[in-house]
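Open the model in your viewer and keep the selection tool at hand. The stops below are meant to be taken in order.

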Amino acid sequence: MKILVFGPPGSGKGTYASRLSAKLGMPHISTGDLVRDEIKNQTEMGKRINDYSSRGLLVPDNVMCQLLQKRIAQPDCKGGFILDGFPRTIPQAQELEKISTTDLVINLQVPDAVVIERLGARLTCRNCGAIYNERFLKPRTPGRCDKCTGQLYQREDDRPSVIQQRLELYRQQTQPLLEHYASKNQIRNITNNQTDVPP
Ligand code: AP5
Ligand code: MG
C-alpha cells in the first residue's frame, strides 16, 4: 500500500506517519527528514539546500525528486511506504506518478492557530528525528529522546516568521494538489484541532 500524508506545517504529518509506520510495518519517508539529513551530513546537496529549508522555502523540485527517487528505490519500499511531505507541487506529483502508484491520501486538517501553538513547543531528536512537544508530548527525560537518548532541539524553521512563510507556501503550492487526489477519490480527511496527542 502506498499512502501519502498531507497537511500544513505542524499538522502532525510526522507524528501520525511514524505511528502508522509502526502499526503497518511499512517505512515512513519524510522528505523534510531527507532534507535535514543532507544538511546534517554536510553533503554537497545539503550545502545547496540549507538556505531553502531554514527560511521555510520549498527546495527546488529537481533536487527533491532526486532525493525521493533514491529513497523509494531502497528494498524496504518494495511492499509500500508512507510518504510524509511529498508531493508539494504539481511537478512533484507528476514525477511521483511516473515512479509509483498511490492508494490513499490522508489529509490532516488543523487550524493555523493550533499549528502555531504546536510548532512553538516542538522538539525534535537530532539523532533519530523523533518528534516531541514541550507541552503536549513531553519526553520522559527533559532534553533527551525516549527512543535513542539523542539531544532534542528546536528546528530552525520553527521561528514564528518562518512558520508564517511555510503556511503561505502550503496554501499556494500544495493545497491545490488535493483537488487532483479528490478527483481520484483517494482522500480521507482527518480534522484535528485538539492539542492532545492521542496515545
Ligand atoms: P517538513 O519537515 O516536511 O516540514 P512541514 O511540512 O512544514 O511539516 P512539519 O514537519 O513542520 O510538521 P508535521 O506536520 O510533520 O508535524 P509534527 O508531526 O512534527 O519540511 C521541512 C522543509 O524541508 C520544508 O520547509 C522545505 O524547505 C523542505 N522540503 C521538505 N519536503 C519538500 C518537498 N516535497 N518539496 C520541497 N521542499 C521540501 O507535529 C508538530 C508538533 O505538534 C509536534 O511537537 C507534535 O508533538 C505535535 N502534535 C502532533 N500531533 C498532535 C496532536 N494531535 N495534538 C497535539 N500536538 C500534536
Ligand atoms: Mg514533519
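Buried means under 20% relative accessible area, exposed over 50%, and partly exposed in between, with a 1.4 Å probe and protein chains only. This is a predicted model, in which local features need pLDDT of at least 70 and side-chain atom pairs count only at pLDDT 80 or more, while totals for chains, interfaces and linings use all residues. Residues are numbered from 1 along each chain as its sequence is written, and side-chain values use heavy atoms, with hydrogens and water left out.

**Stop 1: S54.** Select S54, which lies in helix 3; helices (H or I, at least four residues) and strands (E, at least two) are DSSP runs, numbered from the N terminus. S54 is buried, because its relative accessible area is 11%. Contact means heavy atoms within 4.5 Å. Beyond its neighbours within four places in sequence, S54 is in contact with E156, D157, R159 and V162. The side chain of S54 also reaches the backbone oxygen of D51, at 3.4 Å.

**Stop 2: the largest nonpolar core.** A nonpolar core is a set of buried Ala, Val, Leu, Ile, Met, Phe, Trp, Tyr and Cys residues joined through side-chain atoms within 4.5 Å. Select F6, I29, L83, L96 and Y181: of the 26 residues in the largest core, these touch the most other members. Elements supplying at least two residues each include strand 1 (2–6), helix 2 (31–40) and helix 4 (61–72). Helix 4 gives the largest share, six residues. Now show what surrounds I29: leaving aside neighbours within four places in sequence, its contacts include L34, L68, I72, F81 and D84.

Stop 3: On a 1 Å grid over the protein atoms alone, a cavity is a set of points where a 1.4 Å probe fits but cannot get out, and lining residues have an atom within 4 Å of a point. A volume is the space filled by probe spheres set on the points, which are joined across faces, edges and corners. How many cavities of 30 Å³ or more does a search of the whole structure find? The search finds one. The largest cavity has a volume of about 60 Å³. To see its lining, select V5, F6, G7, K13, G85, F86, P87, R88, Y170 and T174. Strand 1 and helix 7 (160–174) are the elements that give two or more residues to this lining.

Conventions: Chains are lettered from A and ligands numbered from 1 in the order in which they are written. A polar contact is a pair of N or O atoms within 3.5 Å; within protein, one must be able to donate a hydrogen and the other to accept it, and residues adjacent in sequence count only if both atoms are side-chain atoms. On a 1 Å grid over the protein atoms alone, a cavity is a set of points where a 1.4 Å probe fits but cannot get out, and a pocket is an open set with protein on both sides within 12 Å along at least five of seven lines; lining residues have an atom within 4 Å of a point.
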